[in-house]
Amino acid sequence: MAPITTIQDLRLLAKRRIPRAIFDYADRGSYEEHTITANRADLAKIALRQRVMIDVSDRTLATTIIGEPVSMPLAIAPTGLTGLFHGNGEIHGARAAQAAGIPFCLSTMSICSIEDVSQAVSKPIWFQLYVMRDRGFAKSLVERAIAAKCSALVLTLDLQIQGQRHRDIKNGLSIPPKLTLANALDVATKPAWAMKVLFGKRRTFGNLEGKAPGSDSLTTLSQWIAGQFDPSLSWKDVEWIRNMWPGKLILKGVLDKEDAKIAAGTGADAIVVSNHGGRQLDGAVSSISALPGIAELVGDQTEILFDGGVQSGQDVLKALALGARACLIGKSFLYGLGAMGEEGVAKTIDIIRRELDVSMALTGLTDVKTVGRNALAQ
């Protein structure tokens, strides 16, 4: 196998090793995919400022995220169906993140449950919450996250209604899922993947088992979930969650400056500038184009995190320069996991770490906490 030097190398390897339907679930966006394309293209357009003859022999990437010490300004974003990219995928991701000294966030729509993952690591994880129509169920998830000693709750704001992802429907990864001849044959050619998933702890939504009708069936659960996303969600629900949750609260999915002002006013410890990886409103602006205005407006009131297209250390440096405290990776994480399991996640983190370190040095910077617009070409 050729040396793996980039996130794209891991992406191509994952594409070969896991079923197409699962790969496309991570890789593709909603509708015509203009926004997912813009996330990457707009990051690429930003130029870094090359500096020379500056002593950069003593460098550090260490910082804090919502008060937690981290080895670098990076966290693993919440991703649904992670345990279908690799058996026990959420556990492997959490272990790799812990070893690297960065946070891991577990999705409500994970395959392994909150308890599965929190018991597999020695440091607290973050938990991401969808507030559904059944508020009693949402409350029970918060209570489980408290019992599992999760250090932060990430409340997703931008999935009141689900954007259509054409590729998921064509692949049979619809709600409910359907089996087609094409994806059955595809799975048959991935025996190593199939065995890992088959012998994983779970093969359905672990956080929902025993909590929803027909929880022994992925199809029935998917039908239940499709009817649970709630278009009536409002900022009152954020207040309700804030009153229940005793720890750090992060609001994910802010892209508009007016929303950012409201989010900062809730007392949240951080907001994540994000367009859901281009998987919701197609035609929305890229996350990186929204970041500077939001950071300038509310960066002195709450911590600003960034999510959307991060696939290199250069991307992280650009986001930091435009006002982010740290970045979240979703697709990059899943590429590594699908390619090589826990080793692949560790490789993903290491690639980004090394690139960030070198890029800081070549822009004349030595401390990640001091990165600002001085890292960008004028």
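Predicted model: local features only at pLDDT ≥ 70, side-chain atom pairs only at ≥ 80, totals over all residues.

Student: How many aromatic pairs turn up in the whole structure?

Tutor: The search finds three. In one of them, Phe 104 and Phe 333 have ring centres 6.1 Å apart and planes at 80 degrees, so that pair is edge-to-face.

Student: Which parts does that pair tie together?

Tutor: Phe 104 is in the loop between helix H4 (89-100) and strand E4 (105-106), while Phe 333 belongs to helix H15 (residues 331-362), so the contact links parts 229 residues apart in sequence.

Student: And Phe 104, buried or exposed?

Tutor: Buried, because its relative accessible area is 5%, and under 20% counts as buried. Phe 333 is buried too, at 1%.

Student: Switching topic: what sits over the ring of Tyr 25?

Tutor: The charged end of Arg 279, 4.6 Å from the ring centre.

Student: Where is the kink in H15 centred?

Tutor: On Met 340, with an angle of about 140 degrees.

Student: Is H15 mostly covered or mostly open?

Tutor: Mostly covered, with 23 of the 32 residues in H15 buried.

Student: Last one: which glycine follows H15?

Tutor: Gly 364, and its phi is positive, near 80 degrees.

Key
Residues numbered from 1 in each chain as written. Heavy atoms only, no water. Phe/Tyr/Trp six-rings, centres within 6.5 Å; stacked < 30°, edge-to-face > 60°. Helix = DSSP H or I, 4+ residues; strand = E, 2+ residues; numbered from the N terminus. Buried < 20%, exposed > 50% of the residue type's maximum accessible area, 1.4 Å probe, protein only. Lys NZ or Arg CZ within 6 Å of the ring centre and 35° of its normal. Bend = angle between axes of the 7 residues up to and from the residue.
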